[in-house]
Each structure stands twice: as C-alpha cells, then as structure tokens.
Amino acid sequence: MSQAWLSYDDAPPFWLPASFFGAAMLWLLTLGCLLLPADMLAANRYHPQLLALTHALGLGVLGNIMSGALLQMLAVASGVATRHAGRLLLGIFLPWQAGTALLVGGFLHGFSPLALQAAAVLLCAAIIRLAWHGLYGLARSPARDASSRGMALALVALLVTALLGLCLVLTLSGQLPLPLMPLLHSHVLWAALGWLFLLVLAVSQTVIPMFLITPPYPAWTLITGRAVLVLLLACSLALLFWPEQLWLPASLLLIPVLAYAVQSWRLLRQSRRPADPLWWQWQGVIACLLLGGMSAWLCSSWTAWPSLPLLAGLWWLGGAGLGATLAMLGKILPFLAWLHLKRLNPPRGLLPSTHGFLPESAQLRMRHLHLLWLLAGTLWCWQPGRFHLLFALATLELAAYALVLGGKLARRYRAVQRAVSASTAR
C-alpha cells in the first residue's frame with residue numbers, strides 16, 4: 001500500500017493544532033475534577049455522572065486531540081491546504097468546546113433539555129464544518145494513499161455519530177418519537193468503531209512506519225476500514241429492525257479489530273526503533289483494543305456483571321484511545337514546533353532537535369502515568385464508590401504532568417522564536 005507523501009508547505013499555523021491540544025489537556029484536568037464527587041456508588045452505565053465523564057473524555061480530551069491532529073494530517077499528508085485557519089478556529093474549535101461543556105453540564109443537571117439541545121446544535125455545527133473541510137478537500141486532492149482514504153472514512157463515521165447524537169437528544173426531550181435504546185447503541189458503535197478506531201487505523205499507517213521505521217501496512221488495511229463501515233451500518237439496521245440478529249454483524253466487527261491488532265504487532269516486531277517510547281505505548285494500545293473489544297462483545301451475554309460495560313468503555317476510550325492519542329501527541333507536537341521554527345530559517349546551531357522540545361524520558365514518564373491511570377480506572381469500574389478518589393487523583397496527576405510538559409514546550413518554542421527574531425534583526 002502506498003504511504004502518504006508528506007508536504008509541509010500547506011501545514012496550518014502552529015497555533016491551530018496547538019489550540020486543540022491545549023484544550024484537550026484542560027479537559028483532562030476537568031475530567032479529574034468531575035471524578036472527585038462520589039455521585040456514582042455502584043457500576044451503572046446510564047448514570048448521569050458516567051455519561052458526563054464519558055463525553056468529557058470522548059469529546060473534550062480525545063475529540064480535541066483527534067481534530068487537531070486531523071487538521072495537521074489533512075494538510076501535510078493529503079495536501080488539503082489550511083487557507084483560513086482563523087475561520088476553522090471559529091467554526092470548529094469554539095463551538096466544540098462550548099458544545100462539550102453544555103453536554104457535560106446537561107447530563108450533570110438532570111438531563112437538562114435546553115442544555116442538551118444547545119450542545120447538540122453546537123457540536124453538530126462544529127463536526128459539519130470539520131467534515132466539510134476534510135471531505136471537500138480530500139475530494140479535490142490528488143492524494144490516494146491509505147491514510148487519506150482512511151481519514152475520509154473516519155469523517156463519514158463522525159458525521160453519522162453526530163446525526164445519531166442529535167436524534168438521541170431530540171428523542172430524550174420528546175421532540176422525536178424514535179426508539180431510544182437502538183439509537184443509543186448505534187451512537188456508541190459509530191463513535192467507538194467508526195470515528196475513533198478508523199482514525200487510529202488511518203493515522204497509524206503514516207505515523208508508525210515514519211517514527212518507528214517499520215514496513216508499511218498492507219493494502220488490505222484500507223479494505224478493513226470499509227468493512228467496518230458496512231458492518232456498522234448492518235448493526236444499526238439490526239438494532240432497529242432485527243435485534244435478534246444483531247449478534248452476527250456485532251461479532252464480525254471483532255475481525256477487523258483483531259486483524260489490525262495482529263498486523264500492528266507484526267510491524268512493531270520489525271521496527272528499527274524498538275527502544276522508542278512510542279513502541280511500548282503502541283503495544284499497550286493493541287492490548288487495550290483487544291481487551292475493550294472482547295469486553296464489549298461479552299456485554300450482551302454476560303449481564304450479571306454491571307462493571308463489564310464500564311470496563312469495555314474504559315479500555316477502549318481510555319486505554320486504546322487516550323493511549324494512542326498521547327503517544328502520537330508526544331511525537332507530533334515537538335515535531336510541529338521544530339517544523340515551524342525551521343521554516344524561519346534559524347542560524348546553524350540555534351534550532352534544537354525534536355528531543356530538545358520533548359525528551360524521550362518525558363514520554364516514558366507519561367506512559368507510566370497513563371498505565372497507573374488505567375489501573376486506577378479499572379479499580380473504579382469494579383467499585384466506583386470505593387475507588388473514585390484514587391481514580392480522580394490519578395487523572396489529575398496525568399493532566400497536571402501533561403500541562404507541565406505543554407508549558408515547557410511552549411516556553412522552549414517562544415525562546416527559540418525570540419532568538420531567531422533577534423538574530424535576523426542584527
């Protein structure tokens with residue numbers, strides 16, 4: 001399979017993806033604060049606090065990192081130029097933050113219809129703007145590599161997720177007479193497997209071979225992404241019309257996850273940089289994908305253990321999703337800082353390497369903190385009332401360390417930028 005040909009001429013200004021990444025870390029801090037009150041004493045997948053936490057993690061943390069990375073990848077890997085960065089910030093970033101805040105607040109305040117409806121409108125507007133930028137740009141782009149096609153599939157899945165979310169809100173508020181549970185399960189499936197899994201699959205086809213020096217992913221990886229969309233459509237139809245037949249497409253969805261995990265593991269074994277922190281982080285991502293997928297598959301038949309759906313969500317979103325995005329952020333963010341300063345033509349010796357912005361030891365420490373966070377979260381899913389403080393403190397520690405690293409990187413970036421400006425003015 002052909003890999004993306006990277007061109008940095010159309011890269012967005014540094015502040016655009018950095019705004020999304022900074023907001024994600026603040027949402028991670030918010031997630032820790034939301035965990036402090038022990039509102040949920042026993043495992044309950046429909047508890048308002050759990051719904052608020054899930055959307056703070058899924059939209060606030062993961063959604064921001066994925067959107068920022070997507071805008072960057074579209075520009076450098078697919079040639080989708082970012083000509084109006086300010087408009088993208090107004091059209092995507094601001095409504096995304098406001099909509100997420102309203103959605104989290106709406107859940108915590110007794111499913112407030114006004115807050116949920118306003119959140120749905122803002123989030124749909126942000127997602128439509130992001131999808132339009134990506135899909136319209138990809139349709140006009142000559143790029144036909146696996147990552148570009150995979151990003152298009154992920155954006156289609158994101159649009160369907162947003163539409164299902166809007167229908168859910170309108171059904172909850174009595175505006176639409178639609179069946180609630182089929183909508184809810186479809187929304188979860190499209191968000192987890194359509195948007196999250198397909199974007200990880202697409203981006204990893206460029207990032208893993210580039211940073212870990214592995215052979216490229218094979219051609220069937222793209223077919224896997226298309227199969228996921230078809231199976232998701234089959235699951236949604238089965239949920240609405242033939243619920244007793246849901247087991248078939250739901251079981252088949254495990255095959256692409258397993259195939260991607262096995263292929264990624266085989267490529268990692270051939271990496272020429274096995275000591276890189278990303279190598280270890282991606283091993284954890286693969287393990288969490290398998291754990292989350294198997295747990296979710298068992299949920300329908302193993303209803304006696306109410307903690308199982310929470311564990312499936314934690315391992316999928318927090319283990320695979322957060323693990324993958326933090327790992328990629330540790331590579332992408334220092335590279336972006338280096339790239340933008342390089343374009344200022346600094347004198348020889350003034351521009352540090354990417355490790356000068358974020359050393360590998362910091363990425364390794366982040367990995368350890370994420371593993372501790374995942375362990376605390378697993379205990380919380382088992383007994384929420386007993387371990388909520390441990391999970392909250394682990395989340396706050398992870399967020400605080402990420403913010404400290406982001407602050408150090410920003411100060412280093414500004415220091416080099418000032419030094420370059422001073423040398424140019426002489």
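Aspartate 276 is buried, with a relative accessible area of 2%. Buried here means under 20% relative accessible area, exposed means over 50%, and partly exposed lies in between (1.4 Å probe, protein chains only). The model is predicted: local features need pLDDT of at least 70, side-chain atom pairs count only at pLDDT 80 or more, and totals for chains, interfaces and linings use all residues. Residues are numbered from 1 along each chain as its sequence is written, and side-chain values use heavy atoms, with hydrogens and water left out.

A salt bridge is a side-chain nitrogen of Lys or Arg within 4 Å of a carboxyl oxygen of Asp or Glu. Aspartate 276 lies in the loop between helix 9 and helix 10, and lysine 331 lies in helix 11 (residues 307-342), so the pair ties together parts that are 55 residues apart in sequence. Helices are DSSP runs (H or I, at least four residues), numbered from the N terminus. Lysine 331 is buried, as is aspartate 276.

Arginine 273 also reaches aspartate 276. Their side chains form a salt bridge at 3.0 Å, N to O. Arginine 273 is partly exposed, at 28% relative accessibility. A further salt bridge joins arginine 273 to glutamate 360, at 3.1 Å, N to O. This pair links distant parts of the chain, 87 residues apart. Arginine 273 sits in the loop between helix 9 (254-269) and helix 10 (277-299), while glutamate 360 is in helix 13 (residues 360-382). Glutamate 360 is partly exposed, with a relative accessible area of 23%.

The whole structure holds 3 salt bridges. Arg273, Asp276, Lys331 and Glu360 are linked in a network of salt bridges.

Next, the nonpolar core. A nonpolar core is a set of buried Ala, Val, Leu, Ile, Met, Phe, Trp, Tyr and Cys residues joined through side-chain atoms within 4.5 Å. The largest one has 138 residues, of which Phe197, Trp282 and Trp380 touch the most other members. Helix 11 gives the most to this core, with 18 residues. Tryptophan 380 is in contact (heavy atoms within 4.5 Å) with Leu35, Met40, Leu50, Leu53, Leu310, Phe387, His388 and Phe391, leaving aside its neighbours within four places in sequence.

On a 1 Å grid over the protein atoms alone, a cavity is a set of points where a 1.4 Å probe fits but cannot get out. A pocket is an open set with protein on both sides within 12 Å along at least five of seven lines, and lining residues have an atom within 4 Å of a point. Grid points are joined across faces, edges and corners, and a volume is the space filled by probe spheres set on the points.

The structure holds 5 cavities of 30 Å³ or more. Helix 11 gives the most, with 5 residues. The lining of the largest cavity has 11 nonpolar, 1 polar and no charged residues. Ala, Val, Leu, Ile, Met, Phe, Trp, Tyr, Cys and Pro count as nonpolar, Asp, Glu, Lys and Arg as charged, and the others, Gly among them, as polar.

The second largest cavity holds about 110 Å³ of space. Of its 12 lining residues, Met73, Val76, Met210, Ile332 and Phe335 lie nearest its centre. Helix 2, helix 6 and helix 11 each give two or more residues here. Helix 6 gives the most, with 4 residues. By class, this lining has 10 nonpolar, 2 polar and no charged residues.

The second largest pocket contains about 520 Å³ of space. It is lined by 25 residues, and Phe21, Leu333, Gly406, Gly407 and Leu409 are the closest to its centre. Helix 1 (15-35), helix 11, helix 13 and helix 14 (384-425) each give two or more residues to the lining. The largest share, 10 residues, comes from helix 14. The lining of this pocket divides into 17 nonpolar, 7 polar and 1 charged.

Helix 14 also holds lysine 408. Lysine 408 is partly exposed, at 48% relative accessibility. Lysine 408 and leucine 358 are 50 residues apart in sequence and 8.4 Å apart in space, C-alpha to C-alpha.
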